[in-house]
Amino acid sequence: MLNQNKVKNFLDRTIDALLPLAAVPFALLFGAVLLIIFKVNPLEAYQSLIQGAFGDKTGITQTLVKATPLLLVGLGVAIAFRGGIINIGGEGQIIVGALAATAFSINFPQLPRWFLLPLTILMGTLAGAVWGGIPGTLKARLGVNEILSTVMMNAIALQLANYLLRGPMIDPAEIEAGTRIAQSALLPKAVWLDKLVPKTLLHSGAILAVVLAVVVYIFLWRTSIGYRIRAVGLNPNASRYAGIPVKLYQMLALTLGGAFAGTAGAIEVIGVQHRMMEGLSSGYGFAGIVAALFGKLHPLGAIPASIFFGGLMEGGNKMQRAMQVPSALIDTLLGLIVLFVVSAEIWSRYRARRRQMNG
Amino acid sequence: MDELFQLPVLLGIIYSGLRLATPYLYASIGETIAQTSGVLNLGVDGIMLMGAFSGFYVGMQSGNLWLGLLAAMFVGFLMGLLMAFISVTLKAEQGISGIGLQLFGLGLSTLLFKLTMGGVESIAGFPPLKIPLLGDIPFIGEAFFNHNILVYGGFILVPLASFVLNKTTFGLQIKAVGQNPQAADSLGVSVTRIRYTTVCLGGVLSGIAGATLSIALINLFQENMTNGMGFIAVALVYFGSWKPGGVLVGSLIFSFVNAFQVWLQIKGINIPSDFAVMLPYLLTIVALVFAVRRAAQPAFLSKPFERGEM
């Protein structure tokens with residue numbers, strides 16, 4: 001009897017975890033209808049998307065390159081969410097993380113790699129933490145809605161980057177050549193991440209992201225700070241009665257969320273672009289939210305989720321080139337998937353309640 | 001800087017300030033009504049983009065701006081209906097649903113724009129409509145009474161919404177549903193019906209807000225042309241303490257700062273334009289900080305209603 005219950009419980013949990021997957025055919029179907037209206041064969045379009053994302057070595061490695069920042073941002077979003085805080089500020093946190101990593105490594109090129117590389121990443125982490133910590137503090141101290149403030153922080157970070165990349169941080173070579181493209185100088189080679197597969201863009205940052213996912217899992221479920229963050233998210237009132245300083249942990253949750261997105265920004269400059277440029281983030285901040293939700297806000301669930309969405313982004317680019325279908329289709333599908341996944345929560349709740357009633 | 005205090009310059013800033021306030025007014029008043037009934041719709045920006053695109057596209061294709069406006073309202077209504085279904089019927093977390101709706105609207109409007117038009121085109125928008133007599137007052141007539149019809153509409157909406165919310169049965173029902181849905185329900189007010197109505201109405205108004213950009217003020221459509229205005233509009237609701245009059249004050253402060261910022265850029269005053277563009281976003285955060293101090297938030301904002309709970 002006990003065993004039977006265990007099996008049933010396990011099945012229930014599995015179904016809950018897989019529920020978001022149902023969003024995918026639904027979103028693809030909507031996309032297909034749109035494509036048909038515009039006289040594009042949806043099967044061909046989707047085939048070029050899958051082919052582009054997973055069809056060959058370039059596709060797979062590029063998918064993983066895109067999955068890396070998604071996973072890092074997704075981890076930050078998951079921590080914040082677990083603490084009851086919605087972090088929409090990934091985009092801005094990536095930007096300031098990338099700016100800080102760039103500024104630091106360019107100014108200390110003479111330092112040895114073993115010292116400069118970790119410190120460069122750390123600078124990105126810290127900058128992201130500050131960018132998340134500001135709305136986190138405003139939320140905790142003054143009750144300012146963190147969704148709105150993080151959206152505003154995104155816009156501010158974007159303008160800050162525009163200013164720095166056209167002014168103080170612009171590549172001196174751009175001024176000399178008179179082209180004035182808004183990008184920084186190349187970073188010293190000492191901070192470039194190693195390639196995992198030769199002649200591709202896949203870099204060791206991908207491994208770091210997976211390791212961090214495991215660390216976040218241990219942090220949230222095996223440490224007392226992580227436990228308190230989750231308690232505050234589940235029930236702030238009960239946590240307060242239990243003596244947990246709720247506001248402090250809310251602030252911490254958003255600061256950590258920013259720290260992970262800032263790390264993503266640093267990894268993106270030292271792993272892929274090797275310089276800070278306009279449009280470096282290209283929507284990772286938002287897609288990371290989708291990946292986190294899709295992974296059910298579980299750090300390990302975020303790993304397959306970010307590979308999936310990395311593939312969607314990469315395949316979307318290929319589809320745009322091959323079929324002239326604008327990659328905005330992917331953003332539309334992302335939005336639909338978010339709507340579907342949050343809506344599907346009602347079934348999860350319903351099932352949980354039925355479980356309780358059945359004892 | 002002395003130039004700022006010359007009459008023509010001031011009047012110019014007032015003129016463009018009133019224009020810029022219009023989209024905020026439509027979107028924030030719509031959001032005020034939805035939030036008063038207890039639904040936080042954070043997808044305003046996405047609805048505005050869809051309204052801006054459909055208003056522009058239909059207006060251009062048919063050659064009739066009113067038809068464009070109608071299309072924007074209809075699309076706004078559909079987006080509102082989607083949000084209402086997700087947040088009221090399916091009781092989903094409203095913060096994230098709103099972000100989903102925004103991503104969806106941003107993606108879809110960009111996609112449709114690229115598939116149907118490809119490049120930026122402009123349109124002859126709603127022409128200015130001089131109000132007889134008032135428009136002829138020297139100096140201020142031009143700044144205050146020579147706007148297009150959608151600008152006037154935005155300002156008329158304020159007392160109208162105030163009247164509906166405070167003086168009609170419908171308005172009181174909206175407030176009751178936001179403050180105490182259990183009690184409202186026990187008195188026979190359908191929480192579901194009221195919330196569907198307000199969220200759809202908010203959608204229609206956000207659709208108009210988008211259309212004011214594309215067919216009355218800027219007169220073109222561009223990818224992500226709102227640039228986060230929809231989020232600022234939501235922030236203005238907090239700033240205005242859920243009162244149409246308060247929202248009006250907030251919208252005016254915002255749009256005047258913006259008009260001033262544009263003037264600074266045109267004059268080439270010595271601050272980097274990036275910081276000038278940053279100003280409204282910084283101001284929004286400051287506004288949110290001050291808004292919290294005099295909170296009058298609807299008690300059941302963003303909480304789904306379940307009969308027989310509590």
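α2(B) makes a right-handed crossing as it passes α9(B) (right-handed means the near helix is turned clockwise from the far one by less than a right angle, left-handed anticlockwise). This is a predicted model, where local features need pLDDT of at least 70 and side-chain atom pairs pLDDT 80 or more, while totals for chains, interfaces and linings use all residues. Residues count from 1 along each chain as written, and chains are lettered from A and ligands numbered from 1 in the order they are written.

So where does α2(B) sit in its chain? It covers residues 44-62 of chain B (helices are DSSP runs of H or I with at least four residues, strands runs of E with at least two, numbered from the N terminus). Against α9(B), the axes are 6 Å apart and the angle is about 55° (axes are lines fitted to C-alpha atoms, for helices over the stretch in contact, with angles from 0 to 180 degrees between N-to-C directions). That makes the pair oblique (under 35 degrees is roughly parallel, over 145 roughly antiparallel, 65 to 115 roughly perpendicular, the rest oblique).

Who does the touching? On α2(B), the contact residues include Val44(B), Ile47(B), Met48(B), Gly51(B), Gly55(B), Phe56(B) and Gly59(B); on α9(B), Gly203(B), Gly207(B), Ala211(B), Leu213(B) and Ile215(B) are among them (contact means C-beta atoms, placed from the backbone, within 7 Å). By class, this contact has 12 nonpolar residues, 8 polar ones and no charged ones (Ala, Val, Leu, Ile, Met, Phe, Trp, Tyr, Cys and Pro are nonpolar, Asp, Glu, Lys and Arg charged, the others, Gly among them, polar).

Now for another partner, α10(B), which spans residues 229-239. Here the axes of α2(B) and α10(B) come within 7 Å and cross at roughly 130°, so these two are oblique as well. Their crossing is right-handed. From α2(B) come Val44(B), Asp45(B) and Met48(B), and they meet Met229(B), Gly230(B), Phe231(B), Ala233(B) and Val234(B) in α10(B). This contact contains 6 nonpolar residues, 1 polar and 1 charged.

Key:
Contact = placed C-beta atoms within 7 Å.
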